[in-house]
Amino acid sequence: MPLTADDVDRFEASRPRLQAIAYRLLGSAGEAEDAVQETFLRWQAADVDRIEVPEAWLTKVLTNLCLNQLTSARARRETYVGQWLPEPLLAGDPMLGPAETAEQRESVSYAVLTLMERLSPSERAVYVLREAFDCPHREIAEILDITEAASQQIFHRAKKHVADGRTRAEIDDAAARRIVEEFLAAATSGRIEPLVRLLTEDAVSIGDGGGKVPARAKAFEGAVAVAKFLRGLFKPGEAKRALAGGTVEVYAWTANGDPAVVAVVDGRVIGVMCLEVTAEGIVAFRNQVNPDKLERATAHWAAVDHGEPLFSAF
């Protein structure tokens, strides 16, 4: 039987939460939207009057759709050109979901989304539902058709896999801007020494071009190697301007709760560089330049007041 207006409203009330779960599980806004839409189609086909707890039912359907997607995504990523990084979400994007607790903010950070690639689909699901949405293990067990004890064991294993021995710094928007401004001042100084001072000894830089934009297949490792790469990256040149398609405007922003550099050409976001910051310094740069993964960022950028760029490059 067709859905009533109330049935549609009940789904729409759950949509933001479902999108936030799907994005954390899949690392892709586009795939998250597809999973949520498929969940709506399942809701439309169900006898909703017999569903006692709609939110739990929707979460179970969505999670299992995402688990299937993750299994196929692993096969696709084996043939992906270069490094694979998640799709970044700029500050204010509703798909980032709840950010009231440190655990919720951590679960959507670019660093943790990248580290979650180490997890099996079931580990990722348990980690996201427990850490980001505080679902009790009893509920997670019902969603995944496992025992409560198994859910607890999977969660502890997933947390261990995600942990990398560092404590991520909690940074507000003002501090994030200061960090980005300091980094950009060092990166455009033409010298590597100011950059090295900002980095940890084991700093890394990873780029995702998806085979569509030049990006080194192997990460740069170590403070000096990373500093040399960044110095070269921000060095002006006609070839870079031609590759970018025009003058690049550079902004200090946040993405996934992390300090970020946003590069824009004629209103189009062409790159998002997320900085992972610890008390010891900047430990990682994750650079998303694959245009397929920046379409949502471009749409969001056009809808927000982003002020004036820090500078124009190239």
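This is a predicted model: local features need pLDDT of at least 70, side-chain atom pairs count only at pLDDT 80 or more; totals for chains, interfaces and linings use all residues.
User: What is Trp43 in contact with, leaving aside its neighbours within four places in sequence?

Analyst: Its contacts are Leu3, Asp7, Arg10, Phe11, Val48, Ile51, Pro54, Trp57 and Leu58.

User: What does UniProt list for residues 11–74?

Analyst: An unreviewed UniProt entry gives "domain: RNA polymerase sigma-70 region" for that stretch. In the model, residues 11–74 are 84% helix and 0% strand, with the end C-alpha atoms 30 Å apart.

User: Switching to Ser205. Where is it?

Analyst: Ser205 lies in strand 1, which covers residues 199–208.

User: Buried or exposed?

Analyst: Ser205 counts as buried because its relative accessibility is 2%, and the cut-off for buried is under 20%. Strand 1 as a whole is mostly covered, with seven of its ten residues buried.

User: What does Ser205 contact, again leaving aside neighbours within four places in sequence?

Analyst: Ala219, Phe220, Val226, Phe229, Phe285 and Asn287. With Asn287 there is also a polar contact of 3.2 Å between the side chains.

User: Which strands does strand 1 pair with?

Analyst: Strand 6 (residues 281–288) is joined to strand 1 by six bridges, and the two run parallel. Val204 stands opposite Ala284 there. Strand 2 (residues 220–221) is joined to strand 1 by two bridges and runs antiparallel to it. On that side, Ser205 stands opposite Phe220.

User: How many Å apart are Ser205 and Glu12 in space?

Analyst: The two are 39 Å apart, C-alpha to C-alpha, and 193 residues apart in sequence.

User: Last topic, confidence. What is the mean pLDDT of the protein?

Analyst: The mean is 92, and 97% of the residues reach 70 or more.

User: Which elements have the lowest and highest mean pLDDT?

Analyst: Strand 7 (residues 311–313) has the lowest at 80, and helix 13 (residues 295–303) has the highest at 97.

Note on methods:
Residues are numbered from 1 along each chain as its sequence is written. Side-chain values use heavy atoms; hydrogens and water are left out. pLDDT is the predictor's confidence in each residue, from 0 to 100. Helices (H or I, at least four residues) and strands (E, at least two) are DSSP runs, numbered from the N terminus. UniProt positions are given in the numbering used here, feature names are shortened, and annotations may be inferred rather than shown by experiment. Buried means under 20% relative accessible area, exposed over 50%, partly exposed in between (1.4 Å probe, protein chains only). Contact means heavy atoms within 4.5 Å. A polar contact is a pair of N or O atoms within 3.5 Å; within protein, one must be able to donate a hydrogen and the other to accept it, and residues adjacent in sequence count only if both atoms are side-chain atoms. Two strands pair if DSSP finds at least two bridges between them.
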